[in-house]
Amino acid sequence: MGTNILLIGKYAFDLYYWLIIIAIFGSWFPGFQTSKVGQGIGKLVEPYLGFFRKFIPPLGPIDFSPIIALFVFHFLSSFALEGLNQSLNFLGI
């Protein structure tokens, strides 16, 4: 059961990671941002990406905040999944 919980957590982080990637590439296409899919993805990932945009201003036309956000997300997801794994092992699940 513990491996199933860990697997669900991994899938959830992977899904959100790919939503961030889709939002980043979708920002290159103005029609994507105004579509229902683009707006839905934007509502999910913009709170996370917006946090980094507050602290990392764009350098000309290039916005590096999504790249930093992806690195931080990868680190945090690895940290969270390892913590979940350790907690499940401690509980004997």
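Trainee: How do the residues of the lining of the largest pocket divide into nonpolar, polar and charged?

Mentor: In this predicted model, the lining of the largest pocket divides into 11 nonpolar, four polar and three charged residues. Ala23, Ile24, Ser27, Gln33 and Arg53 lie nearest the centre of the pocket, among the 18 residues that line it.

Trainee: What makes H1 and H4 roughly parallel or roughly antiparallel to each other?

Mentor: Helix H1 (residues 2-26) and helix H4 (residues 65-91) pack at an angle of about 175°, and their axes are 10 Å apart. An angle over 145 degrees counts as roughly antiparallel, and H1 and H4 are therefore roughly antiparallel to each other.

Trainee: Which residues meet where H1 packs with H4?

Mentor: On the H1 side they include Ile5, Leu6, Phe13, Tyr17 and Ile21, and on the H4 side they include Leu70, Phe73, Leu81 and Leu88. By class, the contact of H1 with H4 has 15 nonpolar, four polar and one charged residues.

Trainee: Why is H1 called roughly perpendicular to H3?

Mentor: H1 packs with helix H3 (residues 36-55) at an angle of about 95°, with the two axes 9 Å apart. Angles of 65 to 115 degrees count as roughly perpendicular, so H1 is roughly perpendicular to H3. The contact is made by Tyr16, Leu19, Ile20, Ile22 and Ala23 of H1, together with Ile41, Leu44, Val45, Tyr48 and Leu49 of H3.

Trainee: How do the residues of the contact of H1 with H3 divide by class?

Mentor: That contact has 10 nonpolar residues, with no polar and no charged ones. Tyrosine counts as nonpolar in this scheme, and Tyr16 and Tyr48 are among the residues that make the contact.

Trainee: How do you know whether Ser65 is buried or exposed?

Mentor: Ser65, which is found in helix H4, has a relative accessible area of 1%. Buried means under 20% relative accessible area, and Ser65 is therefore called buried.

Trainee: Which residues does Ser65 touch, not counting those up to four places away in sequence?

Mentor: With those places left out, Ser65 touches Phe52, Arg53 and Ile56.

Note on methods
Residues are numbered from 1 along each chain as its sequence is written. This is a predicted model: local features need pLDDT of at least 70, side-chain atom pairs count only at pLDDT 80 or more; totals for chains, interfaces and linings use all residues. Side-chain values use heavy atoms; hydrogens and water are left out. Axes are lines fitted to C-alpha atoms, for helices over the stretch in contact, and angles run from 0 to 180 degrees between N-to-C directions. Helices (H or I, at least four residues) and strands (E, at least two) are DSSP runs, numbered from the N terminus. Angles under 35 degrees count as roughly parallel, over 145 as roughly antiparallel, 65 to 115 as roughly perpendicular and the rest as oblique. Contact means heavy atoms within 4.5 Å. Buried means under 20% relative accessible area, exposed over 50%, partly exposed in between (1.4 Å probe, protein chains only). On a 1 Å grid over the protein atoms alone, a cavity is a set of points where a 1.4 Å probe fits but cannot get out, and a pocket is an open set with protein on both sides within 12 Å along at least five of seven lines; lining residues have an atom within 4 Å of a point.
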